Amino acid sequence: MPNKISIMIFVLLLSCAACVGQTAFHGLVPGKSTKTEAERVLGRPVRQLSETLSEYKSRGAEQIFVQYIGGSAEVARIEATYPEAIERSSVLGSVNLPARSMGWQINSKQRLEEYFSGSCVVLTYVAADASTGVSRIGYYSRQLFDNASSKLPRPSLGKNPPGLNRSPVAENNSGRSQPKQPPTANYDDLIARATGALRTSDFQTAIRLSQQAVDLDPNRAGAYEIAGVAQLYDLNDVNAAATAMRAAVQHGGSASFSVSHDHDGLFQTYCQGSLYITNFGVNYRSNDGAHTLLAGRADLKEVGRNSLVGAKFFSFHIKVNQNGKTQNFNFAPGRLTAAERDLILDLLKNP
């Protein structure tokens with residue numbers, strides 16, 4: 001029976017949530033998730049580009065494309081493309097990628113592609129070297145990634161991509177090289193730094209940086225997502241967390257909570273994980289990836305407080321109706337408080 005359920009700090013940004021090993025996109029895992037699940041999260045496609053490739057409505061600045069395996073409804077790859085280049089360091093911090101990739105290549109459009117094997121992620125740059133910034137993030141199934149990476153040129157394996165070690169210089173009027181001035185902070189850089197602060201439990205810094213990001217662009221969700229987690233799990237300021245989380249959802253992002261999922265109706269056996277609430281619905285994934293819930297708002301039959309099962313842990317239930325079957329999921333909030341439970345229920349009912 002849980003005493004105090006431990007809090008998991010969430011890695012939030014660029015519409016990505018990391019799972020064990022392979023990286024997921026809003027809970028969708030290429031090679032495991034299906035078209036039905038993708039449409040519960042992303043909505044109906046806005047364009048059908050081919051029999052296996054669909055474009056979905058943007059959840060922020062990015063365009064979203066999903067490729068399905070031919071002859072099936074299984075997701076093979078998800079691509080998020082961005083209108084402005086993002087610094088490599090910001091992407092690595094946001095998607096939780098290592099500093100060094102397994103290898104790289106220059107594609108037919110003369111753009112650098114960098115491959116990260118543990119996460120099954122491929123970064124595509126604006127041009128042929130890393131200094132130009134990332135324009136596309138690809139989330140691959142394991143099979144698709146292995147097939148693509150097997151064709152990487154041997155000299156690139158384990159080596160830094162071109163442009164990564166270039167010293168930033170600029171030439172003055174005399175033709176001599178001078179160091180560039182430090183760039184002014186941009187939204188993505190602030191979000192990457194705030195995400196890093198969350199990982200190290202530096203909540204005050206995470207809140208400060210996320211506020212700076214909101215000041216730069218109040219119409220993007222990432223800063224609100226980070227602020228909501230930090231306000232709730234460090235300052236225990238439920239009202240401030242509610243404001244930030246509601247703004248995150250309204251701007252196409254998610255409100256994220258640490259929860260425990262009951263297995264036996266008594267909370268004697270349970271798993272811990274993350275519950276994500278979006279405009280599209282709700283997504284739960286246990287830390288070990290063994291238990292999941294993915295439901296659109298139309299599938300939610302009932303949400304509410306528990307009067308019996310886990311009541312002393314301020315538990316709540318989510319009842320979904322999918323494919324003609326009704327399932328009930330019981331959860332306890334990470335802080336084991338009524339205020340946190342009620343915030344979750346309020347966002348489920350009124351995003």
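Strands β5 and β6 form a hairpin with six residues between them, and Gly71 in the turn has a positive phi of about 80°. The model is predicted, local features require pLDDT of at least 70, side-chain atom pairs count only at pLDDT 80 or more, and totals for chains, interfaces and linings use all residues. Residues are numbered from 1 along each chain as its sequence is written, and side-chain values use heavy atoms, with hydrogens and water left out. Strands (E, at least two residues) and helices (H or I, at least four) are DSSP runs numbered from the N terminus; two strands pair if DSSP finds at least two bridges between them.

Five bridges join β10 (residues 134-140) to the antiparallel strand β9 (residues 121-125), with Arg136 in β10 as the bridge partner of Thr124.

These strands belong to an open sheet of eight, in the order β3-β4-β5-β6-β10-β9-β8-β7, with antiparallel pairing. Strands β3 (47-48) and β7 (103-106) stand at the edges and have a single partner strand each, so one side of each is left without a neighbour in the sheet.

The loop between β9 and β10 contains Asp129. Asp129 counts as buried at 13% relative accessibility (buried is under 20% relative accessible area, exposed over 50%, partly exposed in between, with a 1.4 Å probe and protein chains only). The side chain of Asp129 makes a polar contact with that of Ser131, at 2.3 Å. A polar contact is a pair of N or O atoms within 3.5 Å; within protein, one must be able to donate a hydrogen and the other to accept it, and residues adjacent in sequence count only if both atoms are side-chain atoms.

The structure holds six aromatic pairs. Rings of Phe, Tyr and Trp (its six-membered ring) pair if their centres lie within 6.5 Å, and planes under 30 degrees apart count as stacked, over 60 as edge-to-face and the rest as tilted. Tyr115 and Phe145 form a tilted pair, 5.8 Å centre to centre with 55° between the planes. This pair links distant parts of the chain, with Tyr115 in strand β8 (residues 112-116) and Phe145 in helix α3 (residues 142-149), 30 residues apart. The ring centres of Tyr140 and Phe145 are 6.3 Å apart and the planes at 90°, so this pair is edge-to-face. Tyr115, Tyr140 and Phe145 form one aromatic cluster.
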